[in-house]
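Could you walk me through this structure in my viewer, one selection at a time? I would like to know what to pick next and what I will find there.

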Protein chains: 2
Amino acid sequence: MNRVGTQKKILDAAELLFSESGYYSTSLREITAKAGVNVAAVNYHFGSKEALLDNVLERRLAPLNKLRLQMLDAVCAEAKDRGRRPSVKALMHAFIAPTIGFRDSDAGSKNFVALVGRAISEPSGTVQRSFFKFMEPFITVMIDSLHEALPDLPAELLLLRFHFSVGTLVHILRANNGAGLPEQRCMAGDRAKHKERKKGYEEPKAITTATLVDEAVNFVTAGMEA
Amino acid sequence: MNRVGTQKKILDAAELLFSESGYYSTSLREITAKAGVNVAAVNYHFGSKEALLDNVLERRLAPLNKLRLQMLDAVCAEAKDRGRRPSVKALMHAFIAPTIGFRDSDAGSKNFVALVGRAISEPSGTVQRSFFKFMEPFITVMIDSLHEALPDLPAELLLLRFHFSVGTLVHILRANNGAGLPEQRCMAGDRAKHKERKKGYEEPKAITTATLVDEAVNFVTAGMEA
DNA sequence: GTCTATACAGAGATAGAC
DNA sequence: GTCTATCTCTGTATAGAC
């Protein structure tokens, strides 16, 4: 079999299994069985299990980062054309919308974004390094743009608040399930109790991607401008 | 040897090693070697590696949650005495201050809080369940109090924003290192570049716990009240 | 009841035949 | 390039000594 064909089969199988069961609960033997290749194929083509995860993420994140950077550039260019500062809200939208919106894309599994969220904090070394290698060009532009939008905010404080914003976004990705309900596991009980105690609340409906994006943007924008 | 003595030795060794290398990169053989006990001791006393992590976290988090709930009650009681609503800021402070301040406590390792941050999103089943079991009484009171503080905010939106706030806090914990610099790994390069390009910025100094708490509280308060 | 020694199945990784 | 066989190390279970 040709090289790319085998690699693609492995990547597809790994993406699906990682998304379903997580990185550590998925064995190379499951992946290679599903892909219809030999156990040793992963180590031959990718070098290690961690490097495989790295490649699984890279395949999807590369276009995402491209899109994010495009949107950020568009916001900055438009502001420049009008001779104005970019708004914090528009910048944050360019950061958040493609990321959360990614869950509606046709990428592998509905749980892929959750896998990303977990991967950021979890596997050490290779994965984190390559993740931030991806992010770096975006973050550089993002922070520069935020400085333009908030010229009076000290650099240290701006970085800290942007750090908080990243935390919010990562948490959304991690907690995200297919239905789009954040932290369903954690909140469900409390939500139910509240419905008992306080009347007149609307039925808890599944949050649409658009709503989630809007609310997240509003939240971090308020925090950045506090 | 007595029961509690052995258990304590295992818990101490596990806490240190988990904090240093993470849960998955630490083997039971390393833990038991450091504790000076037999490999089988972990399974005898705790049942499994995951249950051990559960106990490691519980030992430190139980007093933390007690403190958090006390502070929250104090804020609510004081507001009631004055016949006022509790302020969002005071509530968020009661949530965040003990949590971040925990890193200055004498608990095991400086990296313990980072371990907590990682554990929330990582090991499945047992650990997450027991973690939220801990949190539940606090969260119930917290959400009730937030409803008092923000009576006009729809319940769905309040929950969503609180969810975002939790994300911010978890991210701070996860990125936290002993020095107190957030996201040093990710930001260091960009920060340095900024120092080159833009002049007049103050030297990046290690952020004190107090500053970090204040800024985090301001950030999420602004987001909640947006 | 505690603890030790040991066995076991499964993991990721690798060398060498084809 | 691919596959088999094998290596080491992991978490877990158990039998038996004290």
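## First stop: two helices of chain A

The crossing of α4(A) and α5(A) is right-handed. To see it, select residues 49-81 of chain A for helix α4 and residues 88-101 of chain A for helix α5. Keep in mind as you look around that this is a predicted model. The axes of these two helices come within 9 Å and cross at roughly 160 degrees, and α4(A) and α5(A) are therefore roughly antiparallel to each other.

Now show the side chains where they meet. On the α4(A) side, pick Leu64(A), Leu67(A), Arg68(A), Met71(A), Leu72(A), Val75(A) and Cys76(A). Their partners in α5(A) are Ala90(A), Leu91(A), His93(A), Ala94(A), Phe95(A), Pro98(A) and Thr99(A). If you colour this contact by class, you will find 11 nonpolar, two polar and one charged residues.

## Second stop: α5 and α7 of chain B

Move to chain B and select residues 88-101, helix α5, with residues 126-149, helix α7. Here the axes come within 10 Å and cross at roughly 170 degrees, which means that α5(B) is roughly antiparallel to α7(B).

For the contact, display Val88(B), Leu91(B), Met92(B) and Phe95(B) from α5(B). Facing them from α7(B) are Met135(B), Phe138(B), Met142(B), Ser145(B), Leu146(B) and Ala149(B). By class, this contact holds nine nonpolar residues, one polar residue and no charged ones.

Helix α1(B) brings Lys9(B), Ile10(B), Ala13(B), Ala14(B), Leu16(B), Leu17(B) and Phe18(B) to the contact, while α2(B) brings Glu30(B), Ile31(B), Lys34(B) and Ala35(B). Sorted by class, you have eight nonpolar, no polar and three charged residues.

## Last stop: DNA strand C

Finally, select DNA strand C and show what lies around it. How many residues surround DNA strand C? There are 16, and the closest are Leu28(A), Arg29(A), Arg3(B), Thr6(B) and His45(B).

Which helix gives the largest share? That is α3(B), with three residues. By class, the residues of this surface divide into five nonpolar, eight polar and three charged.

- Ser27(A): a polar side-chain atom lies 3.2 Å from a phosphate oxygen of DNA strand C.
- Arg29(A): a polar side-chain atom lies 2.7 Å from a base nitrogen of DNA strand C.
- Asn43(A): an N or O atom in the side chain is 3.2 Å from a phosphate oxygen of DNA strand C.

Definitions and conventions:
Residues numbered from 1 in each chain as written. Chains lettered and ligands numbered in written order. Predicted model: local features only at pLDDT ≥ 70, side-chain atom pairs only at ≥ 80, totals over all residues. Heavy atoms only, no water. Contact = heavy atoms within 4.5 Å. Helix = DSSP H or I, 4+ residues; strand = E, 2+ residues; numbered from the N terminus. Nonpolar A, V, L, I, M, F, W, Y, C, P; charged D, E, K, R; others polar. Near = heavy atom within 4 Å. Polar contact = N/O pair within 3.5 Å; in protein donor to acceptor, adjacent residues only side chain to side chain. Axes fitted to C-alpha atoms, helices over the stretch in contact; angles between N-to-C directions. Parallel < 35°, antiparallel > 145°, perpendicular 65-115°, else oblique. Left-handed = near helix turned anticlockwise from the far one by under 90°.
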